[in-house]
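Morning, everyone. Please look at the screen, and I will walk you through two parts of this chain.

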Amino acid sequence: MTVSTSGTTHAWSTTVPPFVSRTMAARAAAEQQLQQLQMQQLQQSAASQNSSKTSGKRFVRRAKRWAELQQRRAASVSDGSPDPQPTSMMMGDCSPPPPLTVDPTAYHHAATAAEYSSSTAGHLPLTASRSLPYSLASPSSCSGKTTTYDLGKTKQLRVTEGINEYGYRTLISVYRTPPQLTVYPRVIPQSLRRSEEEIEMIRRDLHGSSLGSTASSPVSSTTNSLNSSIDNDEYKEFFPRIRNRAPEPTPVFRAQGNHISLNTVPPPDRTWMMIRHADPERPIATFTVLCYNVLCDKYATQNLYSYCPSWALNWEYRKQSIIKEIRNYEADIITLQEVETEQYKMLFKPEMAALGYSSIFQAKSRAKTMNEEDRKYVDGCAIFWKNDKFELSKEQLIEFSRVVINKCNANENMLNRVMPRDNIGLCAVLKIKDAVYNNRTVMRTPMPPQDNVVGSPLIVCTAHIHWDPEFCDVKLVQSMMLAHELWRLVEEVSESHRIQPHQCPVLVCGDLNSLPDSGVFEFLSKSGISRSHPDLKGFKEDAVLERFSHTHDGSNYTHALRLDSAVEGSVVPFTNFTLDFKGMIDYIFSTPQSLARLGVLGPFDMEWVRNHKIIGFPHPHVPSDHIPIMAQYAMIPTNHQRQQPQIQHFGNQHSGSFGAVGR
């Protein structure tokens, strides 16, 4: 199409090039023409629906208000005042975006709302391209590279007659341009910033440890790995759960809206308490033993431990802390309870093997009645020992239910109360190696051959006694069975090594679920218990228990082992700390004639517990409801052993508590 103006010929294409300059006056004229067109269309629409009962006068009033609004906008543009500022949707602390400014070179053809709704062709003006009527942030308040998104595609609606920027009528193409969205990457919601701060706090604080330091640990041949940190992948799984977690109803985890303020200060190191010092210039065979209930995954439920956040109860989180705690103590012998069968195979065994440990494991008796898949989740007991110090000679499983079947299958109390409990004991007969002499390279005094304990046996037994406080009689009977079966093993081992049974060193470690004033502790530590002890309940004066008694004096049930507890309740007030129960229920017993106790791991810091209002374990810094106990011993050669006096007095008072709530 060719248009002649003042002797000048202009060639116009069906579309206006984007580089043609546009003036505010042309825009005002175009806007005015648009208002007239819209007014006509609205009046026609109102007139056509005037007779409708559903529209009526209300539609006409709306049409008039719309026309008046458009006229005011046109007048505002003619006066040169800026367009109304678009609505802003602000995030964080960013300031509102600046007003939309008109760039004369940024115009192109776009359809209007009136054109979309009209069924007839109209004359359309040239209008400015706009983004959405809101913005996420202002460019002045944000930094970084911005990203602009077209929310749709440009669509050609029709070719019609219109007015160009000079006021001449021409054919133009009408396009529908999509809105745009501009995103400024610096803007971060406050809740997410707080979560990132929480993540960093946890990452930094958990780099430390709630365990004993190198200076406070006993001598060991393995390099201490206290500075090892948890893998970063461990945190990634829990970060979304931290952000979305509801507030915890405890003083430790204080809720602030959607933000959780965590008490991430780790507890102080537990001190090492020396009882006696060995002469460093004389050859002495020493070793350490650790006992720890790791809290089986299936028992770590929110119902039992509601005060602990769910992410800290999750096994994927706890297992790394448990392995780290075990690794940091570097005990020569480690006994664990509540170890799942699958976790032993996939976690504990390979992890400890990489640190130079060998091990044995047995699940509770119920595993024998289950299929292969269900058997994976049955917990049991495990024993680990360092390969350079010990060698396995024999292992033996003690199943209390099997003992009942073999020896007491006609007793009603045994069948109804003891046999259904599938608790076990596990024994390992270890052969001592030369590496137990840690000071061999620095000692000055030569070692006589008769003082050398290399090749001697060491019997390690771990057990997990029934948990229910109402079954204190079952706990006591299981302890009697454990001592009886263990003594049979001692006699067998001592015979093979041509020593007396009392000369054979024995360790008994485990979660006995019994307090120091219980019948279980009295029986093990005093080598016997009164037949009328209240904890026996229905087993008082029951002749069936005679089968597990070493002597038959008519007043007491006894065992042949002479055992001393390594950790006194006055030193370590608790090994299990929960909301409902706090007390000492984990023990390490040893035969004092063949093993000399050198030191023990001190108590958990109660000041930290009180200051941070800790009401129970587990905790983000304490992965189990139990804390480990640890002791160091020196092997006494047989030619230096002294016969220990037998304890003749057995109490008959009922224990102050029937026991702990455990498993």
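Predicted model: local features only at pLDDT ≥ 70, side-chain atom pairs only at ≥ 80, totals over all residues.

How many bridges join strand E18 to strand E19, and do the two run parallel or antiparallel? There are 6 bridges, and the strands run parallel. E18 covers residues 457–464, and E19 covers residues 506–511.

A quick reminder on sheets. Strands pair through backbone hydrogen bonds, either parallel or antiparallel.

Now the whole sheet. It is open, with 6 strands and mixed pairing. Read the order across: E16-E17-E18-E19-E25-E22. At the edges sit E16 (390–399) and E22 (564–565), and each of them pairs on one side only. Helix H11, residues 400–407, packs on this sheet. H11 touches E16 and strand E17 (424–432). The directions of H11 and E16 make an angle of about 60°.

Next stop, helix H9. H9 runs over residues 341–354, 14 residues in total. From first C-alpha to last, H9 reaches 19 Å, close to the expected 20 Å. Where does H9 bend? The bend is at Phe-348, by about 35°. A proline, Pro-350, follows within four residues.

Phe-348 is also buried. Other buried residues of H9 include Tyr-344, Leu-347 and Met-352. What do the buried residues pack against? Two helices are on the list, H8 (315–329) and H10 (372–375). So are three strands: E13 (333–340), E14 (357–363) and E15 (379–386).

Last point. After H9 comes Gly-356, with a positive phi near 95°.

How values were computed. Residues numbered from 1 in each chain as written. Heavy atoms only, no water. Expected span 1.5 Å × (residues − 1). Bend = angle between axes of the 7 residues up to and from the residue. Buried < 20%, exposed > 50% of the residue type's maximum accessible area, 1.4 Å probe, protein only. Contact = heavy atoms within 4.5 Å. Pairing = 2+ DSSP bridges. Axes fitted to C-alpha atoms, helices over the stretch in contact; angles between N-to-C directions.
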